[in-house]
Amino acid sequence: CSVAELANISYFLTGCLVFSDSMTTAILERISTLSISGQQLRRFPKLLEDGLPKMPCTVKETDVPQLFREPYIHTGYRLTDQEWRYYFLSLFQKHNEAINVWTHILAAMAVLLRFRAFLDTQGFSLEFTSLPLFIFVLASITYLSFSILAHLLQSRSELAHYTFYFMDYVGVSVYQ
């Protein structure tokens, strides 16, 4: 290295260090203005609870139309005719379809993670020989996704019930 190059490197490094020190000072000044008291920390769970939408409790089988009732399941039904958001948020509520939904979500995640691990080790290209694997993964995810939607959203209305279970049957057919 020439003396000129060393001088340029030194100037660059010194400039970066000065910039870094001034940046650090600015960050520390900003952080010091963000003091949180113990009282504010104690209110944090209440703020979170108030910020989340209120979910109606599940109801008994006598409170839902006959179409939505399942044999031997007497409680845990979700109300009908709610906003779509209610049914999506019911993913985090205990109800009569919760196990169905979560087992399908976990299975879909397992398929995707296993496929990704395979891709990381083996590589993948859309050649004729790899087509059966790709079709199998696509069919699995289609089946599981449609089933998740059916069990999560079918309680909204009679039309939603028939539509989403029809999609569920299509997913099963694609998988087979």
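In what order do the elements of the chain run from the N terminus on? In this predicted model, the elements follow the pattern α-α-α-α-α-α, and the chain accordingly holds six helices and zero strands. The chain has 176 residues, of which 23% count as buried, and it exposes about 13,200 Å², with carbon and sulfur atoms supplying 66% of that area. When contacts between residues at least 6 apart in sequence are considered, 54% of them join residues at least 24 apart.

Val101 belongs to helix α4, which spans residues 98–122, and Val101 counts as buried because its relative accessibility is 1%, where the cut-off for a buried residue is under 20%. Leaving aside residues up to four places away in sequence, Val101 touches Leu91, Ile148, His151 and Leu152. Val101 also lies 9.6 Å from Ser145, C-alpha to C-alpha, although 44 residues separate the two in sequence.

Phe134, by comparison, is found in helix α5, which covers residues 131–153. With a relative accessibility of 31%, Phe134 counts as partly exposed, because that class takes in values between the 20% limit for buried residues and the 50% limit for exposed ones.

Definitions and conventions
Residues numbered from 1 in each chain as written. Predicted model: local features only at pLDDT ≥ 70, side-chain atom pairs only at ≥ 80, totals over all residues. Heavy atoms only, no water. Helix = DSSP H or I, 4+ residues; strand = E, 2+ residues; numbered from the N terminus. Buried < 20%, exposed > 50% of the residue type's maximum accessible area, 1.4 Å probe, protein only. Contact = heavy atoms within 4.5 Å. Areas by Shrake-Rupley, 256 points an atom, 1.4 Å probe, with all protein chains shown as cover.
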